[in-house]
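Trainee: I am new to this structure. Please take a close look at a single part of it and describe that part in one connected account.

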Amino acid sequence: MMEHDNQSKNGVSVLYCGDRNIEDGLILSVLSLLRQTAEPLHIFVMTMELTLGERRILPVTQGTVRYLDGYVKQKNQENSVTRIDATGLFQAEMPTANLDTRFTPCCMLRLYADQVPELLERILYLDNDVLCRGDYSAFYHQDMEGCELAGALDYYGKWFFRSRLFHMDYLNSGVLLLNLGRIRETGLFARCRAMCRDRRMFMPDQSAINKLAQSKRLWGRAYNEQRKLRQNTVFQHFTTSFRFFPWLHTLTVKPWQIEQVHETLKLHEYDGIFQEYTDITTAMKGYSQ
């Protein structure tokens, strides 16, 4: 399952999940993390191959992971990028009720992380459309004793979904610090997988996590900014948002859509990362996949 494993107990462990379509975002997100820490980075990419009728899901390529692993090692020899083939895990416990939703089945791969024994107890999960622009060490190294996961409120969902009437606690699942040790003890992800198998849901993995988590810790929006860049933003999450002018509409711009980031979002904060990304993807065109 693990195609190479050189994780140490020191440094920061980060998990991404998805199919081949996440590769651009993966590269950008990893580059942003590299700029914000001197600690060794251990990147894990859970991916899979799946055929659903005429729909075929292809995994993140080995070539992309090998190239990225070599690149991060140029910054620090202790850095690593490791590919995890989760095809078998997924096929053994399919989220049957949610396979044909608007969200790719790969969104639910994070719910299988507890079944990968090589992953240590503490790991930072990031969606591939998350860029880091600040020091995240306080978030990553927080005390997680007795806590399953930590994150920030969902910008819109916090108003509509909550376990108690006057208490906002609905987390966005794009940035989560996972205590896999505790999650394995409580069976949180196992129960989430069962829920995704039996009950059709909107945003199935996020809904299941929020419904079933017994202990979660809330951090401010700076650690998962889903609306617009602010002065204290640590993680910016390029999610779909609503805009009211000149008419009510949704807006979706992803980090790899560089021209739209500049022209639509008027955002040049990440131009250094964009240039590095362009250099890497150009070099990768001749690299064996």
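**The open sheet and the nonpolar cores**

Mentor: Seven strands form an open sheet in the order E5-E2-E1-E6-E9-E8-E10, and their pairing is mixed. The edges are held by E5 (80-85) and E10 (216-219); each has a single partner strand, so one side of each lacks a neighbour in the sheet. On average, neighbouring strands are turned by 25° against each other, direction ignored; the axes behind such angles are lines fitted to C-alpha atoms.

This is a predicted model, in which local features need pLDDT of at least 70 and side-chain atom pairs count only at pLDDT 80 or more, while totals for chains, interfaces and linings use all residues. Residues are numbered from 1 along each chain as its sequence is written, and side-chain values use heavy atoms, without hydrogens and water.

Strands are DSSP runs (E, at least two residues), as are helices (H or I, at least four), numbered from the N terminus; two strands pair if DSSP finds at least two bridges between them. Within the sheet, E8 (residues 149-153) and E9 (residues 171-179) run antiparallel, joined by four bridges. In one of these, Gly151 has Leu176 of E9 as its partner.

A nonpolar core is a set of buried Ala, Val, Leu, Ile, Met, Phe, Trp, Tyr and Cys residues joined through side-chain atoms within 4.5 Å, where buried means under 20% relative accessible area with a 1.4 Å probe, protein chains only. The largest core has 50 residues, and Val14 and Leu33 are among those with the most contacts inside it. Helix H1 (residues 23-34) gives this core its largest share, seven residues.

Key: Axes are lines fitted to C-alpha atoms, for helices over the stretch in contact, and angles run from 0 to 180 degrees between N-to-C directions.
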